[in-house]
Amino acid sequence: MTNYKNPPIDIASCEIVFRRNETSSWNSVFIGKIFDDLQSIYPKSEDVKKITANFDVDTKNFSVGDSKANRLYNDDNKCSVFIEPKRIEYLNENYPGWDIVKSNIEKVLSTYMTITKPEAIESINLRYVNKIFVPVINNTLNENEYFNIYPEYSTVESKCMRYDTRLLFGYENEEFLNLVIVALNSPEKNEVLFIFDLCYTMSNLDSLDFDNIKISIDRAHTKIEEVFEKVITDKTRELFR
């Protein structure tokens, strides 16, 4: 997914949710201090209303809400950091490669933790949204040539205008990977747009040890890569080369 000449990644993001108590309460001056420390990378700032997706470990359900955040962003408006009292999110819409993304996440996280001193980390969500344009030959789309997971609808109808498939995979230590596959009609009639949205969630990360956090983020990236490669075929890989 990330190692191709033309990677399909449209958005890469990392959300980290923190826990606070009375001794680690939020102070409004933190935003200014964080901005000062990160200003060389993110020289612009604005207040925004952020749509958030939350995963409940107990019920295994996702929910959507909104919150106020301070957004720091770079000159081309493609890389942002959203700052909240109990949450930060790094978002990149112009994927520069994992090494750079990882370094940026670590810099933001280190700055946030040093200045705000949270009690603990509740969860980490690493997410990749991929766009894959699959050609349609003779008005026929053969998903089985490109993907190892897709809904089988041929017994119902010969064509499907769009579909949305969701799978939740569980791992040890309350870790999950949510895979969403959406097929949409492309503006070009000779292709179909597939969106592969993969989000790896880690909870029960009470430790604030920075090295352990970096290892956890690396593990999430590796697992997303593994699942993505299992889902696609060699014919799909040729689209990225």
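**Reading the core and helix packing of a predicted model**

Q: Which residues have the most contacts inside the largest nonpolar core?

A: This is a predicted model. A nonpolar core is read as a set of buried nonpolar residues joined through their side chains. In this case the largest such core has 56 residues, and I124, Y128, F194 and F196 have the most contacts inside it. Another core, of 5 residues, lies apart from the largest one; V129, V180, L193 and I195 are among its members.

Q: With which residues is F194 in contact, leaving aside its neighbours within four places in sequence?

A: Contact here requires heavy atoms within 4.5 Å. On that basis F194 touches N130, K131, I132, V134, L141, E143, F147, Y163, V182 and A183.

Q: What pattern does the protein chain follow along the sequence?

A: The order of helices and strands is read from the N terminus. The protein chain contains 4 helices and 9 strands, arranged as β-α-β-β-β-β-α-β-β-β-β-α-α.

Q: Where do helix 1 and helix 2 make their contact, and at what angle do their axes cross?

A: A helix pair is described by the approach of the axes, the crossing angle and the handedness. The axes of helix 1 (residues 29-38) and helix 2 (residues 98-116) come within 10 Å and cross at roughly 140°; this crossing is right-handed. Helix 1 contributes F30, K33, I34, D37 and L38 to the contact, while helix 2 contributes K107, V108, T111, Y112, I115 and T116. By class, the residues of this contact are 6 nonpolar, 2 polar and 3 charged.

Q: Which residues of helix 2 meet helix 3?

A: The axes of helix 2 and helix 3 (residues 210-231) come within 11 Å, crossing at roughly 145°, and the crossing is right-handed. From helix 2, W98, K102, I105, E106, L109, S110 and M113 meet F210, I213, K214, I217, D218 and H221 of helix 3. This contact has 7 nonpolar, 2 polar and 4 charged residues.

Q: How many of the residues are buried, as a percentage?

A: Buried means under 20% relative accessible area. Buried residues account for 46% of the 241 in the protein chain. Of the contacts between residues at least 6 apart in sequence, 66% join residues at least 24 apart.

Notes: Residues numbered from 1 in each chain as written. Predicted model: local features only at pLDDT ≥ 70, side-chain atom pairs only at ≥ 80, totals over all residues. Heavy atoms only, no water. Core = buried A, V, L, I, M, F, W, Y, C linked by side-chain atoms within 4.5 Å. Buried < 20%, exposed > 50% of the residue type's maximum accessible area, 1.4 Å probe, protein only. Axes fitted to C-alpha atoms, helices over the stretch in contact; angles between N-to-C directions. Helix = DSSP H or I, 4+ residues; strand = E, 2+ residues; numbered from the N terminus. Left-handed = near helix turned anticlockwise from the far one by under 90°. Nonpolar A, V, L, I, M, F, W, Y, C, P; charged D, E, K, R; others polar.
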